[in-house]
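Student: Please take a close look at one part of this model, the site where the ligand is placed. I would like one connected account of it.

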Amino acid sequence: MNPALAGASIVTAAQMRAAEVACFAAGVSQVALMERAARAVAQQVARFARSRPVLVLAGPGNNGGDGFGVAWVLAEWGYDVTVATLGQDWNGAAAVMRDRWTGPTTDLDDATPRPVLVDGLFGIGLTRPIAAPVRGRLATLAAAAELVVAIDVPSGSFADQDASDGVEADITVALGALKPCHVVGDTARCGHLILADLAIAVPGDTRLIARPVLHPPSRADHKYTRGLVIVIGGTMPGAARLAAGAAARGGAGYVVLASDDARVPFDAVVSRKPDAIAAMLADPKLGAVLIGPGLGRDDEARTRSEEAAASDCPLVIDGDALALASIDQLACRTAPTILTPHSGEFDRLFGTGGGNKLERTRDAARRSGAIVVHKGADTVIAAPDGQSIVAHPPAWLSTAGTGDVLAGIAAARLAASRDPMRAAIEAVWLHARAASLAGPAFVADGLAMHLPQAIAECL
Ligand SMILES: NC(=O)C1=CN([C@@H]2O[C@H](COP(=O)(O)OP(=O)(O)OC[C@H]3O[C@@H](n4cnc5c(N)ncnc54)[C@H](O)[C@@H]3O)[C@@H](O)[C@H]2O)[C@@H](O)CC1
Ligand SMILES: Nc1ncnc2c1ncn2[C@@H]1O[C@H](COP(=O)(O)OP(=O)(O)O)[C@@H](O)[C@H]1O
Ligand SMILES: [K+]
């Protein structure tokens, strides 16, 4: 994802339309706004087109109006431009843009490929899948072009859904704000994503992740104020060890690994027998507990998991402990809770119900009362109050054990701040940054070594 988009707002089509209406009410005309959009897209096309001939596809709605506007601006700048349409009439601002365009115009069926294709067929107003013949023409023209620039969304993508369809663009210029289809699902079809700021005020409760701000320890700090983390292990001790090491390198003041296996990742992590978990959970100095990595699902695992869930300790629940948890039990907790499911664990706990990944994760957070980190290439972090954050970690993380590392970092950050949303965001950012710093083909064991550098970048 384009790093310039850090912190950018993500809105639904309805929210975008409401924001546009408010903008009109404040005195901006629809034509002025469309011209703003068209100029912003034309600028991006000009950046990459290098004077090559351009074919603009202009659909029946305002996305098509933007298309005519882009054609008009590019022609003014000396570009060789042709427009292809579906042959409709246009209304409102789109009709104004259509009338401004006096250059060559053809039917989509008759259009011949050109090196640069600007896709203004459909935007956030797509209501049904594009008919097969139009879709076929779009795909042919896109495949024959050297550069495909989509206006707002790649035509065929439904703005409010996980991206799964639509033309494959090299560049997508999102207008005013990002939409769900830019950030969740198969987002690669957007190509390089650019946000055109149209000076429209949009809601800010859903955003792309941005680098967090962390604070160095103060003179008054000691190991317990920095955060005591207990990692409860089980049948696969290596996973808990990975998590404990990550908690230590993720900034915890003190890490205890409660496992039958006495091996620790390094000497600073303290090993304890897990027979006294109840006493450990009652320790008032405790900052956060992590349960799940390598826990197993036997009776002993169930007992440990229930003890942790029943405690009033800040808790990170990962892996096997998610399989042993229930939504009702989670909803009863009053202490901060972070859940870190991958998509399989998520579906098992919360079901595969409808909506995009943002909506499903927000719904899960609401039902469980927990912060939910729904992992994957499009990681969504959601809070019960509806706030949500999207991150796109490096795909090199798709290797065993990296989830244990993330859970360990989350526990360390939770112990430090006791604020589970903040902790989850910090953990996801630090994890992704450590992966970038680790370079290609790392193994999970080496990932946490890069956390101090990632933390240094947040100070
Ligand atoms: N509202 C505004 O003033 C602004 C809107 N902007 C542009 O406007 C777009 C949204 O415009 P619209 O709401 O007009 O929607 P679109 O232009 O995305 O498309 C809606 C039109 O396509 C038709 N349609 C929907 N699905 C179809 C299908 N499968 N096959 C054939 N026809 C189909 C609809 O009946 C409607 O006529 C945004 O994506 C953006 O590009 C920008 O110009 C900024 C300003
Ligand atoms: N293709 C991918 N792109 C980016 N991140 C990924 C991808 N696949 C997995 N990840 C990340 O790697 C981690 C894997 O966690 P998980 O599936 O729990 O694995 P494990 O249990 O083996 O540690 C998660 O943080 C997830 O977001
Ligand atoms: K489009």
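Tutor: The largest pocket has a volume of about 680 Å³ in this predicted model. Its lining is made up of 30 residues, and those closest to the centre of the pocket are Gly-61, Asn-62, Asn-63, Ile-124 and Gly-125. H1, H2 and H3 are the elements that give two or more residues to this lining. Sorted by class, the lining of the largest pocket holds 18 nonpolar, 7 polar and 5 charged residues.

This is the pocket in which ligand 1 sits. There are 22 residues around ligand 1, and the nearest are Glu-20, Asp-66, Gly-123, Arg-128 and Asp-152. At least two residues of this shell come from each of helix H1 (13-25), helix H2 (30-49) and helix H3 (62-76). The shell around ligand 1 divides into 10 nonpolar, 7 polar and 5 charged residues.

Gly-123, one of the nearest residues, has a backbone N or O atom 2.6 Å from an oxygen atom of ligand 1. Asn-62, which is among the residues closest to the centre of the largest pocket, also uses its backbone: an N or O atom there lies 2.8 Å from an oxygen atom of ligand 1. With Asp-152 the side chain is involved, as one of its N or O atoms is 2.7 Å from an oxygen atom of ligand 1. As for cover, ligand 1 taken alone exposes 870 Å², and the protein buries 83% of that area.

Technical notes
Residues are numbered from 1 along each chain as its sequence is written. Chains are lettered from A and ligands numbered from 1 in the order in which they are written. This is a predicted model: local features need pLDDT of at least 70, side-chain atom pairs count only at pLDDT 80 or more; totals for chains, interfaces and linings use all residues. Side-chain values use heavy atoms; hydrogens and water are left out. A residue is near a molecule or strand if one of its heavy atoms lies within 4 Å of it. A polar contact is a pair of N or O atoms within 3.5 Å; within protein, one must be able to donate a hydrogen and the other to accept it, and residues adjacent in sequence count only if both atoms are side-chain atoms. Accessible areas come from the Shrake-Rupley method with a 1.4 Å probe; for residues, only the protein chains shown count as cover. On a 1 Å grid over the protein atoms alone, a cavity is a set of points where a 1.4 Å probe fits but cannot get out, and a pocket is an open set with protein on both sides within 12 Å along at least five of seven lines; lining residues have an atom within 4 Å of a point. A molecule sits in a cavity or pocket if more than half of its atoms lie within 2 Å of its grid points. Helices (H or I, at least four residues) and strands (E, at least two) are DSSP runs, numbered from the N terminus. Ala, Val, Leu, Ile, Met, Phe, Trp, Tyr, Cys and Pro count as nonpolar, Asp, Glu, Lys and Arg as charged, and the others, Gly among them, as polar. Grid points are joined across faces, edges and corners, and a volume is the space filled by probe spheres set on the points.
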